Each structure stands twice: as structure tokens, then as C-alpha cells.
Amino acid sequence: MKQYSLLAPAKINLYLEIVGDRSDGFHELVMILQSIDLADRVEIKPAGRQTIHLHCNHSHLSDPQTNLAYRAAAFMRDRYLDQFNHHGGVDITLEKNIPIAAGLAGGSADAAAVLVGLNSLWELGLTQPELQDLAAELGSDVPFCVAGGTAIATGRGEQLDFIRGYSGMWVVLGKHKSLEVSTPWAYTTYRHQFGKTYKEPEEFSDQVKRVESGELVEAIAKENSNAIAQHLHNDLEEVVLPAYPEVAKLREAFKQSNALGTMMSGSGPTVFGLCESQKQAQTVKKQVAEQMADPDLQLWVTSFVSQGIAVGT
Ligand code: C5P
């Protein structure tokens, strides 16, 4: 029996700028996304009957209505019903290592792994761009998670321009175990507070060009760790840090550490610090742990990686 084991890496946002409102109710964004070496494992095999079955080691994620991996499988079943029936449904086992509602696109990575896995299991022969088009229907970050690496993401986040990344950087992640931030809440609150400053649609492309030719993209191209760390940016910090003092405190602890630069990822609450070596990252982890002295705080040492979903058998 064929079965696939996929690694689904998380992402961090090196840059997240909210440019304006879109007619579909989403925000027009310019982001720089980076895959990191913290991954969920997704096992996919035929269920032996016409059903989608999901096992998960995280109790919060067992509801099929909200689990994005399940929704990805249901979406593919509806698109490719003959193959679904022919191969006998699908059995998905999700081993969560990426924290949920953390700003690390864990759910999107799982959904991307299901698309890639079913493409192989059902012998669909879909190309990467075709998989990315399907992925965009499941969520704004899912297309990036399919290919991974380093990309400038625009539109809702689904328009991707992959750039050559710099694999030499280390990342320390910090997240309070008990804390989750709702992405819709973060964007709605931002619109409420800063909507007046939004650009008009005709100005969107100029803003994208500014970022594409900006200092952060240049720093990545030159593999200049210090410059990368100095040009991190995330507009959503403006709403998340005041509402979640624990996140602001964590951000400050990273700032006081030896990290080259620090920023919140996505809609938070994960905060990361960038380092140029594993040794430096271990030191930063220790410094932040000591400074925070908080049993609820989880810390990881990880690194940039240059690919998204990796398929094994
Ligand atoms: O696309 P996704 O389901 O990941 O988006 C989650 C939520 O984040 C959306 O419902 C919306 O509130 C917000 N969002 C947004 N603009 C984007 C992406 C996400 O307003 N470009």
C-alpha cells in the first residue's frame, strides 16, 4: 500500500506591511516570507473506505470543521472525486510540532502537505503552480507553504515571487504556551485603528516595487545577516503588542539579548530573534529564558530552510 510521510515547515515573516483594503474584504499585503526548520509531520495513506479520517496528537485540532488539513482533504475530494473513490478515501495522521495560532502558518503548512501528498497518492500529476492555485483557495499562506524557501508575497499573500534565500541564519522562537492570537482579530483591529492611512489601489504596485528594490531584499541577496536583522518589519505589532503585554515583554527580552534583530511573526504571538550562528542562538535562548523566567514560555532554536513541503515514503 502506498503511503507518504511529509514534512511541513513553519514560516516567519521577515517583513509584513499592510498596504490597503481589497475589494474581496482582505488586505493588500507586501510580505517577505521565510521557511524555518520547525516542521509538522503529515502521514497520508488510503483509508480503505470512502472517507477522510484525521488523527492528531493535539486535542484542539480534532474538529474537522476547523482543521485546515481536513479541509484541504475535503476540498481535494470534491475536486477529484473519481480518484478519491478509486484510491479508497484518505487517512491523515498529523504530528503537530509547530504551535497553533502562533503566526507561524502551522495550519497552512499542514494543508499544503495534504495537497502535495494527495497529488502523489492519487497520481494527479499537478504541477507546483497548479498546486499553488488550489492552495490559494484554502488560505492566503498556503501557496507559500507548498514551495517554501524565501519569497516576496503580495496580493492577499498568495502572489509569490521566490527569491534566492540565505540559509545561514539561525532563529530563536519564543511563544507563551497559553497564548493564541486570532489573525482576523489582528487585521480587523489594525483596519479600525489605521484604516485612514491605507493606500489607494492604484498606489499598491508602487509600494510593492519599493519593497522589491528595498534594503531588506538587498540584504538577503548579499547574505548580510546584520542588515537583514536591522530591516525586519511587521505592521501588526502596532495592534498586538499593546493588547498583549506578555508579547511586548518577550519582544523586549529579545531586544536586550545578543540577537541581531527581533520581530513578531505574522499576527503573533510568536516573537523571533535572528542570529548568525547556532552558538549565538543558544546564548540568546538562554538569555531570553533567564530574563523572562516564565514557565509558560516555550523557546526553540531553529534555522532558515530553503524548501517547503518535503515528501518521503
Ligand atoms: O487567508 P487566511 O484564512 O489565512 O486569513 C485569515 C484572516 O486574516 C482573514 O479572515 C482576514 O481577516 C485576515 N487577512 C486579511 N488580509 C490578508 C490575509 C488575511 O485581512 N491578506
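## A tour around the ligand

Start by selecting α6, which gives the largest share of the shell around the ligand: three residues. Helices here are DSSP runs of H or I with at least four residues, strands are runs of E with at least two, and both are numbered from the N terminus. You are looking at a predicted model, where local features need pLDDT of at least 70, side-chain atom pairs count only at pLDDT 80 or more, and totals for chains, interfaces and linings use all residues. Residues are numbered from 1 along each chain as its sequence is written, and side-chain values use heavy atoms, without hydrogens and water.

Next, show the whole shell: Phe-26, His-27, Leu-29, Gly-139, Ser-140, Arg-156, Thr-183, Pro-184 and Tyr-187.

Now colour domain 1 (4-164) and domain 2 (170-303), whose bounds come from an automatic or database domain assignment. Why does the ligand lie between them? Both domains give residues to its shell, so the ligand lies between the two.

Zoom in on the polar contacts, pairs of N or O atoms within 3.5 Å. A ligand oxygen is 2.6 Å from a side-chain N or O atom of Ser-140. At Arg-156, a polar backbone atom is 2.9 Å from a nitrogen atom of the ligand. Of the 450 Å² that the ligand exposes when taken alone, the protein buries 73% (Shrake-Rupley method, 1.4 Å probe).

For a last stop, select Gly-268 and Pro-269, joined by a cis peptide bond with omega about 5°. Pro-269 is in the loop between β9 (261-264) and β10 (271-275). Then pick Ala-101, in the loop between β4 (90-95) and α3 (106-121). Its phi is positive, near 45°. Most residues other than glycine have a negative phi, and most peptide bonds are trans.

Conventions. A residue is near a molecule or strand if one of its heavy atoms lies within 4 Å of it. A polar contact is a pair of N or O atoms within 3.5 Å; within protein, one must be able to donate a hydrogen and the other to accept it, and residues adjacent in sequence count only if both atoms are side-chain atoms.
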